[in-house]
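These are my notebook entries on a single chain model.

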Amino acid sequence: MPEPDWLAFDIETTQRFGNQITCIGFATSPSASFVVPTTDRYWSGKAELSYVWDLITKLLHGRNPKVTQNGHYDYYWLGQTENASAQNLFVRTPMFCANRR
């Protein structure tokens with residue numbers, strides 16, 4: 001399967017059951033996306049979850065540019081909790097505008 005021109009991703013986290021990433025969403029176009037749960041409560045145990053993280057890491061290490069919104073947060077969590085940093089990262093940081101009268 002050829003790599004897409006770009007890959008957008010976003011993580012969701014919780015501190016409810018300890019600091020963890022609960023899922024990661026991927027998109028290859030505005031109309032094609034999927035979400036991968038990343039808790040051992042969802043999968044059949046730690047071995048299966050480890051395999052899922054191996055697949056996620058392969059996606060994040062692909063040659064295509066990775067697009068994120070506030071990706072510094074995602075990059076930090078991926079590195080700290082799963083040792084799964086993204087390569088070729090293009091970070092979009094939100095710009096806040098204020099109306100001044």
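I first checked the length of helix 2 (residues 71-82) in this predicted model. At 1.5 Å a residue, its 12 residues should span 16 Å, and I found the end C-alpha atoms 16 Å apart, which agrees.

I next asked which residues of helix 2 are buried. They are Gly71, Asp74, Trp77 and Leu78. These residues cover an arc of only 125 degrees around the axis, so they lie on the same side of helix 2. I noted the general rule that an α-helix has 3.6 residues a turn, so residues three or four places apart point the same way. On the other side of helix 2, I recorded His72, Tyr76 and Gln80 as exposed. Just after the helix, Asn83 adopts a positive phi of about 50 degrees.

I then turned to the largest nonpolar core, which has 16 residues. Leu78 is among the members that touch the most others, along with Phe9, Ile24, Phe26, Trp53, Ile56 and Leu60. Two or more residues come from each of strand 1 (7-14), strand 2 (20-29), helix 1 (46-60) and helix 2. Helix 1 gives the largest share, five residues.

I listed the contacts of Ile24, leaving aside neighbours within four places in sequence. They include Phe9, Ile11, Phe34, Val36, Ile56 and Leu78.

Finally, I looked up Lys66, in strand 4 (residues 66-69).

How values were computed:
Residues are numbered from 1 along each chain as its sequence is written. This is a predicted model: local features need pLDDT of at least 70, side-chain atom pairs count only at pLDDT 80 or more; totals for chains, interfaces and linings use all residues. Side-chain values use heavy atoms; hydrogens and water are left out. Helices (H or I, at least four residues) and strands (E, at least two) are DSSP runs, numbered from the N terminus. The expected span of a helix is 1.5 Å times one less than its number of residues. Buried means under 20% relative accessible area, exposed over 50%, partly exposed in between (1.4 Å probe, protein chains only). The arc is that of the directions from the helix axis to the C-beta atoms. A nonpolar core is a set of buried Ala, Val, Leu, Ile, Met, Phe, Trp, Tyr and Cys residues joined through side-chain atoms within 4.5 Å. Contact means heavy atoms within 4.5 Å.
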